[in-house]
Amino acid sequence: IEILNDKITTKNIINYIKNKKKKINISKKSFILGCGGHALTVADILLENSWDLQGFCAKNKNELGNKILNSYTVIAYDKDILNLKKKGILTAFIGVGHATSNTLRKDKFEFLSKKNFILPKLISKKSFVSNNSIIGDGTVILPGAVIGPNVRIGNNCVINYNSVICHDSVIENHVHLTPNSTIAGGCTIGESSIIGMCSTVLNSIKIGKNCLAHNNTSVAVNLKNNHEINRKGKIFKRKNN
């Protein structure tokens, strides 16, 4: 809002609201980077939301033409990916994920961002997301997920099947909440951390960067950066991942 002589006028406010309501036109013509199981899950949500899925991008050239899902095939490979832009396919969705490390997903997100691909958030219609929460670019929210009010989710996260994030929690960039994980109110999950299946993070707990909570773990203590916790509550330094 432009402030003149320390005053905010009615016109300033009206113009600000109008600008906030303007939507950037994003091409529906899109592709998925990756060809594995997570890519299929992303494809389901894309089609559910009426995106114009052109096909998939694989790792190697010899995968071109492979059928991935119904009539959708591999239309590009990693070293050829910039040619998609020449064809007007500018919108990308990342279909790679891992249960113990988000390094590859983070690398792909940063590469596509630098090459000026569009990386929208993707939210399943079968999830619940509070209107009072913020979701970052490239984040995927799968069916059954529940996101409460005043939650902030960063870029390039995966909020997997039936995950729950309660009110006032912060999920930083490149985090993976695996199926049926639960984050209580007022928690912080640091960048590139992973919360295992059926794990719970208790109220107001803070988890640092690049941490891992094993499956079926109750996290009742704060975790420093680069640590993991198993279901017996043992905490130890993470190995290189």
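You are looking at a predicted model, in which local features need pLDDT of at least 70, side-chain atom pairs count only at pLDDT 80 or more, and totals for chains, interfaces and linings use all residues. Residues are numbered from 1 along each chain as its sequence is written, and side-chain values use heavy atoms, leaving out hydrogens and water.

Now show all of H2, residues 37-48. Its 12 residues reach 17 Å from first C-alpha to last, close to the 16 Å expected at 1.5 Å a residue (1.5 Å times one less than the number of residues). Helices here are DSSP runs of H or I, at least four residues, numbered from the N terminus. After H2 comes Ser50, with a positive phi near 65 degrees.

Next, select Val201. Leaving aside neighbours within four places in sequence, Val201 is in contact (heavy atoms within 4.5 Å) with residues including Ile183, Ile195, Ile207 and Val219.

Last stop: which helix holds Lys108? Lys108 sits in H4, residues 103-114, and is partly exposed, with a relative accessible area of 21%. Color Leu33 too: Lys108 and Leu33 are 75 residues apart in sequence and 8.4 Å apart in space, C-alpha to C-alpha. Beyond neighbours within four places in sequence, Lys108 is in contact with Leu33, Asp78, Ile94 and Val96.

Methods. Helix = DSSP H or I, 4+ residues; strand = E, 2+ residues; numbered from the N terminus. Buried < 20%, exposed > 50% of the residue type's maximum accessible area, 1.4 Å probe, protein only.
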